[in-house]
Amino acid sequence: MASEVLQAPLVLEYPFTRSTGPVIGAFLTGLREGVICGIRRADGTVLCPPLEYDPLTAEPLTELVEVGQSGEVLTWAWNGEPRPMQPFDRPFAWALIRLDGADTSMLHAVFADSPSDMSTGMRVRAVWRSEREGHIADIAGFDPDPDPAGLS
């Protein structure tokens with residue numbers, strides 16, 4: 001006895017949008033303007049990227065502060081052969097970078113020539129896209145800082 005396969009068309013969609021809100025909206029606006037913002041917690045530490053609520057106390061956070069465009073690599077992983085859907089077409093390192101003035105790190109790419117040019121603790125500086133739109137990709141990535149002491 002053959003059984004008939006029942007089927008029904010189904011369209012899965014999410015017909016809503018989410019406002020970025022005052023904190024994330026300000027962060028994205030800053031990126032469009034070439035500024036990186038974090039947010040100060042009640043204990044004085046700065047989260048970057050900023051969050052709307054303190055992850056430890058759940059208190060709302062509102063005090064945006066500008067952080068530096070340079071920072072320190074806390075850890076990294078080399079990507080020598082980028083895959084087709086990755087954002088870069090050349091070798092690079094994924095890195096957790098703590099920007100100057102921030103107490104947390106952000107994940108981004110470091111454009112080093114080889115894994116031997118990468119190290120934990122190295123200084124890096126943001127590279128900005130020439131045309132920015134208010135998106136994390138407005139920071140194209142980070143380059144090793146040729147003048148980590150700021151002497152030039």
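Predicted model: local features only at pLDDT ≥ 70, side-chain atom pairs only at ≥ 80, totals over all residues.
**Entry 1: a charged cluster.** I started with Arg41, Asp43 and Asp54, which are linked in a network of salt bridges. By salt bridge I mean a side-chain nitrogen of Lys or Arg within 4 Å of a carboxyl oxygen of Asp or Glu. Residues are numbered from 1 along each chain as its sequence is written, and side-chain values use heavy atoms, with hydrogens and water left out.

For Arg41 and Asp43 I noted 3.1 Å between the closest N and O atoms. Arg41 is buried at 12% relative accessible area, while Asp43 is exposed at 52%. My cut-offs: buried is under 20% relative accessible area, exposed is over 50%, and partly exposed is in between (1.4 Å probe, protein chains only).

**Entry 2: Asp54.** I found Asp54 in the loop between strand 2 (46–47) and strand 3 (63–67). Strands (E, at least two residues) and helices (H or I, at least four) are DSSP runs, numbered from the N terminus. Asp54 is buried, at 5% relative accessible area. What does the side chain of Asp54 reach at 2.7 Å? I get the backbone nitrogen of Leu56. The backbone nitrogen of Thr57 is 3.2 Å from a polar atom of that Asp54 side chain. Leaving aside neighbours within four places in sequence, Asp54 is in contact (heavy atoms within 4.5 Å) with Arg41, Glu59 and Leu61.

**Entry 3: other salt bridges.** My count comes to 7 salt bridges. One of them joins Glu72 to Arg98, with the closest N and O atoms 3.1 Å apart. Glu72 is in strand 4 (residues 70–79) and Arg98 in strand 5 (residues 92–99), so this pair ties together parts 26 residues apart in sequence. Asp145 pairs with Arg125 at 3.5 Å. Here Asp145 sits in the segment after strand 8 (139–144) and Arg125 in strand 7 (residues 123–128), 20 residues apart. Asp145 is buried at 10%, but Arg125 is partly exposed at 41%.

**Entry 4: cysteines.** How many disulfides does a search of the whole structure find? I got 0, taking a disulfide as a pair of cysteine sulfur atoms within 2.5 Å. The sulfur of Cys37 is 8.0 Å from the closest cysteine sulfur, in Cys48, so that is too far for a bond. Cys37 is buried at 12% relative accessibility, and Cys48 is buried at 2%.

Notes:
Polar contact = N/O pair within 3.5 Å; in protein donor to acceptor, adjacent residues only side chain to side chain.
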